[in-house]
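Please look over the sequence and the structure shown here before reading on. The report is meant to be read with both at hand.

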Amino acid sequence: MTSNIVEIDNLSFGYKGRLLHKNINMVFPRGKVVAIMGGSGSGKTTLLRLIGGQIKPTHGQVRVDGKVVHEQNRDGIYKLRRTMGMLFQHGALFTDLSVFDNVAFPMRELTDLPEVMIRDLVLLKLNAVGLRGAHQLMPTELSGGMARRVALARAVAIDPNIIMYDEPFAGLDPISMGVICDLIRSLNDALGATSIIVSHDVKETFLIADYVYFVANGEVTAEGTPHDLMQSTLPFVHQFVHGEKDGPVPFHYPAASYQAELFERTSR
Amino acid sequence: MQIIHSILIANLARLLRSFGRRMIERIWRLGAAARLFFLTIIYSGESFRRFHLTLREIYFTGVMSLLIIIVSAFFVGMVLGLQGYNTLQKYGSSEAIGVLVALSLVRELGPVVTALLFAGRAGTAITAEIGLMKTTEQLSAMEMMAVNPIARVVAPRFWAGVISMPILAALFSMVGVLGGYMVAVPLIGVDDGAFWSQMQANVDVRDDILNGVIKSLVFGVACTMIALFEGFDAPPTAEGVSQATTRTVVISSLTVLGLDFVLTSFMIVV
């Protein structure tokens, strides 16, 4: 058993000839919370989809528990995914199922557990996220933060070894953000799992992550512990961490000369 | 003159390119739909092993379509009764009204109108539901949980549609006949016995009823599969889902009418 549960080696990925990732190398040690950070559109979520085997790399490989993901057949991929849990950006709760049935869904689909045991396990998971009392509600009756917590309970329903979080803090109020932040860390430690967080919320991510990768222009531009990155003098990291308006990531989208464009408009 | 000539050629080339691109896109979509159909058949085991999943969908596609089917059938039957009597009485054969209503419904109107109503009511609901499941990442979530969305979402809905359609078509024909009877017998005064006996004597189980059932089964497969594919293939945006829903109605309606002609030709020849 290797010490890293997920390893990304020289990974390149692109659509229609345009490379989104170029020679990315990352390791995710067992039991740790590792974050992947970067601006919008930098391909962070795509990395999660590559780890989950939803898409295949153009070059290089992703290994989960020593197995090369893209070389697995459908059954192999499904076997790997049974060891993973994923929290989607907007929860992705099944809208036709109640909170209880949403959390019970992976247990009913993937295990032969009797209904009595499923009931106890679902209540246990919901209790862990503080929503045992909401088990009869439908997803439409939940607030954004509550939906995210139910999705979290569903993601850990069958005690996965790897939990992936896609923008877990996006669009949440400060209280919900604090709750989710605390839950990610505590569930990771309680389950002995490995968490991979994709986020651009610096404060919350740095609070719980053991290690952070920064992705920009398709490459890993910086990596280290949150403490190291806070001190970093690299222009991109500095701009990102301190939320500066202008820097290596320009404020203006590339465009023709302002003067020329204004003149062109008036002359039409 | 030469400039006009070259402009014409350039426009023609652009038109041809655009036509070719559209045709390739259509053929690609046809292939993708066929692939989804075969995968649905392959992964259908679960729909029967866990029949409650299919039963739930039968409720949504079949039972929930009952009202529109029954009300439409009643009106269609009444119109048939009126129009039929109006024509038949000119030839002094108004007693044949029962046969006319029954054969029109069992052979053609039952399966066809049911399929058109099914596409508008259940088909659009299926497309919108699956399209929204895709947009809100519910299908991706299922995939990431190692649950096959074709086995869990598509196949039960497919079989629900295939099972519901012949039952709905049979109900349509039955209620339609009742509508025709209400107009012809109590309202116009055609003889009660003549209405039923002529129908009994001239409606054949194999040639008429069985052929109607076959038609409704084929329409069930076509309408449900079109609705499922359009939902599955919808771009994950509000506009994408709305366009997919429209396409479901348009393509299903044209397919049903086209298939009806083909099936009728075969049935008459054979």
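## Basis of the description

This is a predicted model, in which local features need pLDDT of at least 70 and side-chain atom pairs count only at pLDDT 80 or more, while totals for chains, interfaces and linings use all residues. Residues are numbered from 1 along each chain as its sequence is written, and chains are lettered from A and ligands numbered from 1 in the order in which they are written.

## Chain A as a whole

Chain A has 10 helices and 10 strands, taken as DSSP runs numbered from the N terminus (H or I over at least four residues for helices, E over at least two for strands). Its C-alpha atoms fill a box of roughly 75 × 40 × 40 Å along the principal axes.

Among contacts between residues at least 6 apart in sequence, 63% join residues at least 24 apart, a contact being a pair of residues whose C-beta atoms, placed from the backbone, lie within 7 Å.

## The antiparallel sheet

In chain A, four strands form an open sheet in the order β2-β1-β4-β5, with antiparallel pairing; two strands pair if DSSP finds at least two bridges between them. The edge strands are β2 (18-29) and β5 (67-68) of chain A, each of which pairs on one side only. Helix α1 (residues 44-51) of chain A packs on this sheet and touches β1 (4-15), β2 and β4 of chain A, its direction making about 120° with that of β1(A); such angles run from 0 to 180 degrees between N-to-C directions, with axes fitted to C-alpha atoms, for helices over the stretch in contact.

Strand β4 (residues 59-64) of chain A is joined to β5(A) by two bridges, and A:V64 has A:K67 as its bridge partner in β5(A).

## The enclosed strand β7

Strand β7 (residues 162-166) of chain A is largely enclosed by the rest of the structure, because five of its five residues are buried. A:I162, A:M164 and A:D166 cover one side and A:I163 and A:Y165 the other, and all are buried.

On the pairing side, strand β6 (residues 84-87) of chain A runs parallel to β7(A) over four bridges, with A:M84 partnered by A:I162. Strand β8 (residues 194-199) of chain A also pairs with β7(A) in the parallel sense, over five bridges, and A:Y165 stands opposite A:I197 in β8(A).

## Two asparagines in helices

A:N102 lies in helix α3 (residues 99-110) of chain A and counts as buried because it has 27 C-beta neighbours inside 10 Å. Leaving aside residues up to four places away in sequence, A:N102 touches A:L93, A:F94, A:L97, A:V150 and A:R154.

A:N127, in helix α4 (residues 115-128) of chain A, is partly exposed, with 13 other C-beta atoms within 10 Å. The C-alpha atoms of A:N127 and A:T58 are separated by 42 Å, and these residues are 69 apart along the chain.

Definitions and conventions
Buried ≥ 20, exposed ≤ 12 C-beta atoms within 10 Å, placed from the backbone. Contact = placed C-beta atoms within 7 Å.
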